[in-house]
Amino acid sequence: MSGFDDPGIYYSDSFGGDASVDEGQVRKSQLQKRFKEFLRQYRVGTDRTGFTFKYRDELKRHYNLGQYWVEVEMEDLASFDEDLADYLYKQPTEHLQLLEEAAKEVADEVTRPRPSGEETLQDIQVMLRSDANAANIRSLKSDQMSHLVKIPGIVIAATPVRAKATRITIQCRSCRNTISNIAVRPGLEGYTLPRKCNTEQAGRPRCPLDPYFIMPDKCKCVDFQVLKLQESPDAVPHGEMPRHLQLYCDRYLCDKVVPGNRVTIMGIYSIKKSAQSKNKGHYNVGVGIRSAYIRVVGIQVDTEGSGHSFSGSVTPQEEEELRRLAAMPNIYETIAKSIAPSIYGSTDIKKAIACLLFGGSRKRLPDGLTRRGDINLLMLGDPGTAKSQLLKFVEKCSPIGVYTSGKGSSAAGLTASVIRDPVSRNFFMEGGAMVLADGGVVCIDEFDKMREDDRVAIHEAMEQQTISIAKAGITTTLNSRCSVLAAANSVFGRWDDTKGEENIDFMPTILSRFDMIFIVKDEHNEERDMTLAKHVMALHVSALTQTQAVEGEIELNKLKKLISFCRTKCGPRLSAGAAEKLKNRYVLMRSGTRQHEQESDRRSSIPITVRQLEAIVRIAESLAKMRLQPFATEADVEEALRLFHVSTLDAAMSGSLSGAEGFTTQEDQEMLSRIEKQLKRRFAIGSQVSEHSIVQDFMRQKYPEHAIYKVLQLMMRRGEIQHRMQRKVLYRIK
């Protein structure tokens with residue numbers, strides 16, 4: 001007898017008319033009552049330990065915070081009432097509506113009395129989540145239509161948030177008759193306006209066709225956003241393109257994910273109207289043919305993908321374990337061993353990569369400038385020295401990793417591009433690899449094969465860590481706080497010792513931006529070749545059988561957690577003693593290269609500048625970060641200097657010392673210039689001399705043969721002489 005207090009007219013229908021309509025309504029209200037009971041009475045815990053009403057408390061908490069949503073677990077609903085969960089799976093569109101109505105009623109009960117000014121009750125959005133196994137985009141067929149599905153994938157594009165009307169008011173143009181509060185179906189469905197106005201007024205002509213228009217200020221709207229979901233790359237069969245699917249999110253589901261995130265979607269597999277084609281003759285062909293989309297009712301963001309770091313999800317037990325790990329005395333060696341354990345040797349490079357993964361600390365100066373804390377690393381060297389394998393490993397184990405190859409990436413693809421949106425025709429920006437890897441590592445393979453103007457695009461990203469763009473009326477600055485790990489071959493494919501400096505084909509501007517430059521040579525050494533071959537054979541033999549980590553190594557997942565934990569929790573500084581020590585060593589280093597340049601009479605291609613000093617500071621800080629220490633000690637500076645010596649300084653020296661260009665001693669230098677002067681006196685510009693006779697001449701004057709050929713080669717490179725007649729005759733041009 002509950003409804004009898006309401007003021008209203010009650011009547012009994014004695015003819016038993018449309019009972020069927022009534023039954024539907026009755027069933028709906030019964031289901032709504034059940035849903036309401038579920039939200040009100042579902043409790044967690046037992047009577048002894050004390051229990052909580054899960055959804056009632058959650059609704060109250062969220063409502064008081066001004067967030068009108070609640071997340072319902074399908075498993076809870078199934079344990080409360082199997083039929084309800086089944087209805088929700090089979091016909092989600094109508095039953096989700098009932099669940100939201102029920103949630104609104106419960107929220108009304110638990111939040112009374114509400115403060116003045118907030119008496120009106122807000123709509124509650126219900127999100128669903130379930131622990132069921134996820135399906136695959138390819139397995140969605142017609143029998144799943146308008147059922148609840150669960151699908152994993154990667155979000156690859158997101159539109160800006162727009163508004164969609166839920167209730168609209170329309171008015172007739174001619175007779176000003178308004179129809180208000182028309183409900184619009186949720187999802188990407190529209191509402192078709194009525195074709196004719198039904199008000200009959202005596203003495204007035206009938207309203208024309210299509211008289212109605214929408215009154216925008218009397219509509220109720222909600223936010224919505226369209227996402228594009230691509231199936232995850234490991235689920236794509238060989239040789240197929242990944243499939244895409246459109247997702248529709250509304251209200252609180254908007255802006256929950258950004259492109260690049262791996263997500264699991266709960267949603268209703270629905271169809272939208274296919275747009276009418278332009279030429280009027282053909283639009284009635286595919287009446288029942290519709291394209292599919294998913295109306296999202298719940299999103300879970302997976303942390304495992306490359307899009308997100310682990311930093312949010314470290315439990316206290318894990319934290320304790322990670323801190324114990326960082327406090328081990330030989331943690332630095334252990335981490336270096338755990339980096340690409342399948343690759344033999346190259347310990348120094350692995351140590352440098354460990355420093356790169358942990359990174360120094362970013363400093364913000366009082367005048368607003370920032371100094372980068374990320375370490376950049378370049379590996380130059382012979383083919384077959386496992387450079388790309390190291391790069392691939394780093395991409396896997398850094399919190400955010402992006403791998404690109406030199407030829408396949410353009411300047412816009414690395415930094416940012418401006419694209420025209422096909423729907424709205426205005427420009428928007430899309431971040432490239434450097435922007436996506438913000439807070440992680442960009443691995444660039446085949447760095448030497450990149451076009452020169454594309455390489456220049458990285459300059460700003462590597463030192464200032466921003467990317468500025470001024471294209472098509474968009475002028476912005478994007479952040480790209482990432483480390484760069486590049487691998488390149490030398491000019492001649494292999495490192496050529498006789499050519500020295502010419503092996504390096506990079507501008508000093510880009511070389512000085514790398515903190516460490518390793519020259520990897522493929523040395524021939526029987527003993528080392530033997531151990532290497534043994535190692536490779538062992539790998540091939542026990543590739544699948546050996547699953548557990550070797551003693552003294554950290555496994556990949558734990559290493560990943562440790563890296564992101566250290567990066568978020570620790571930002572060390574140099575201690576005073578270490579800073580003093582570093583200052584003195586830097587001055588020595590500068591004078592060392594200056595002396596070296598004077599001896600060899602030419603500039604070294606890898607310069608030693610203040611950037612290199614900052615590089616050593618960053619390496620020392622990253623060594624302290626591995627141990628979660630607040631200050632970098634003198635021992636750290638020692639190790640940083642050692643790493644810097646074996647990498648960059650070695651590379652700077654190696655170029656000009658050995659071979660053709662490096663004239664090692666002063667006497668050699670003088671002798672070569674004497675030969676050149678005599679040669680120029682010997683034959684005038686425009687004359688021809690046979691090469692053989694010149695060499696014989698100088699040999700008679702007791703000059704060594706290789707020196708003469710060297711001078712001829714030098715003059716040829718400068719374009720002073722030329723070969724003629726099958727390289728027998730020399731011809732002097734200038």
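Predicted model: local features only at pLDDT ≥ 70, side-chain atom pairs only at ≥ 80, totals over all residues.

Me: What share of the residues is buried?
Reply: Of the 734 residues in the protein, 40% are buried. The accessible surface is about 40,600 Å², and carbon and sulfur atoms own 52% of that surface.

Me: How much of the contacts with a separation of 6 or more comes from residues 24 or more positions apart?
Reply: Such residues account for 72% of those contacts in the protein.

Me: Where is Thr264, and is Thr264 buried or exposed?
Reply: Thr264 sits in strand E11, residues 262-272. Its relative accessibility is 11%. Buried means under 20%. Therefore Thr264 counts as buried.

Me: Which residues is Thr264 in contact with, leaving aside its neighbours within four places in sequence?
Reply: Thr264 is in contact with Lys150, Ile151 and Pro152, and also with Gly298, Ile299, Gln300 and Asp302.

Me: Why is Ser146 called partly exposed?
Reply: Its relative accessible area is 34%. Buried needs under 20%, exposed needs over 50%, and partly exposed is in between. So Ser146 is partly exposed. Ser146 lies in the loop between E4 and strand E5 (148-158).

Me: What makes Leu628 buried?
Reply: The relative accessible area of Leu628 is 17%. The cut-off for buried is under 20%. So Leu628 is buried. Leu628 lies in the loop between helix H17 (610-626) and strand E25 (631-632).

Me: What is the phi of Ser146, and what is the phi of Leu628?
Reply: Ser146 has a positive phi of about 55 degrees, although Ser146 is not a glycine. Leu628 is not a glycine either, and has a positive phi of about 55 degrees.

Me: Is the peptide bond from Arg112 to Pro113 cis or trans?
Reply: That bond is cis, with omega near -15 degrees. Pro113 belongs to the loop between helix H5 (92-110) and strand E4 (125-129).

Me: What describes two packed helices?
Reply: The angle between their axes and the distance between the axes.

Me: Why is H8 called roughly parallel to H9?
Reply: The axes of helix H8 (residues 347-358) and helix H9 (residues 387-397) cross at roughly 30 degrees and come within 12 Å. Angles under 35 degrees count as roughly parallel. So H8 is roughly parallel to H9. The crossing of H8 past H9 is right-handed.

Me: Which residues of H8 and H9 meet, and how do they divide?
Reply: From H8 come Ile349, Ile353, Leu356 and Leu357, which meet Leu390, Val394 and Cys397 in H9. The residues of this contact of H8 with H9 are 7 nonpolar, no polar and no charged.

Me: Which residues make the contact of H4 with H5?
Reply: H4 brings Tyr87, Leu88, Tyr89 and Lys90, and H5 brings Pro92, His95, Leu96 and Leu99. The residues of the contact of H4 with H5 divide into 6 nonpolar, 1 polar and 1 charged.

Terms used. Residues numbered from 1 in each chain as written. Heavy atoms only, no water. Axes fitted to C-alpha atoms, helices over the stretch in contact; angles between N-to-C directions. Helix = DSSP H or I, 4+ residues; strand = E, 2+ residues; numbered from the N terminus. Parallel < 35°, antiparallel > 145°, perpendicular 65-115°, else oblique. Left-handed = near helix turned anticlockwise from the far one by under 90°. Contact = heavy atoms within 4.5 Å. Nonpolar A, V, L, I, M, F, W, Y, C, P; charged D, E, K, R; others polar. Buried < 20%, exposed > 50% of the residue type's maximum accessible area, 1.4 Å probe, protein only. Areas by Shrake-Rupley, 256 points an atom, 1.4 Å probe, with all protein chains shown as cover.
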